[in-house]
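Biologist: Please take a close look at the salt bridges in this structure and tell me which residues they link.

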Amino acid sequence: LNATLLHLSVLAGGFIISSLLWSSALAEMIDRRFNRAALFLLIAGGLATFGIIHSPLPGDRMFWPSQLTESAHFRVVIEMVCSYVIMALILVLLGFFTRNENPVITTDEEFESL
């Protein structure tokens with residue numbers, strides 16, 4: 001139960017920045033620009049590395065990763081960063097395998113020609 005509460009409190013840290021990054025990634029996914037969506041998730045992973053978002057420390061303090069190596073919070077930070085990196089890799093692969101399937105429709109004429 002304590003691990004679950006820690007993960008929930010970590011998700012709440014820096015929620016304004018993380019929500020902007022998540023919504024930007026989602027908008028890019030909807031538009032099928034998977035590489036750009038992956039970039040937003042990698043930026044989020046980089047910010048989580050330093051506690052700018054998802055800080056496990058009391059008061060949502062920022063930190064250098066080397067400060068947490070002996071801490072129980074280190075595992076939580078690694079889980080968050082790895083989650084962002086794995087999701088970015090999935091999006092890059094998705095973009096690679098779907099790059100020629102459906103072109104992005106940008107004008108009314110392209111839509112009407114379907």
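Modeller: A salt bridge here is a side-chain nitrogen of Lys or Arg within 4 Å of a carboxyl oxygen of Asp or Glu. The model is predicted, so that local features need pLDDT of at least 70 and side-chain atom pairs count only at pLDDT 80 or more, while totals for chains, interfaces and linings use all residues. Residues are numbered from 1 along each chain as its sequence is written, and side-chain values use heavy atoms, with hydrogens and water left out.

A search of the whole structure finds three salt bridges, and Glu28, Asp31, Arg33 and Arg36 are linked in a network of them. Glu28 pairs with Arg33, where the closest N and O atoms are 2.6 Å apart, and Glu28 also forms a salt bridge with Arg36, with the closest N and O atoms 3.8 Å apart. Arg33 in turn forms a salt bridge with Asp31, the closest N and O atoms lying 3.0 Å apart.

For exposure, buried means under 20% relative accessible area, exposed over 50%, and partly exposed in between, with a 1.4 Å probe and protein chains only. By these cut-offs Glu28 is buried, at a relative accessible area of 8%, whereas Arg33 is partly exposed at 36% relative accessibility. Arg36 counts as partly exposed at 46%, and Asp31 likewise counts as partly exposed, at 35%. As a general point, side chains of opposite charge can pair when their charged atoms come close.
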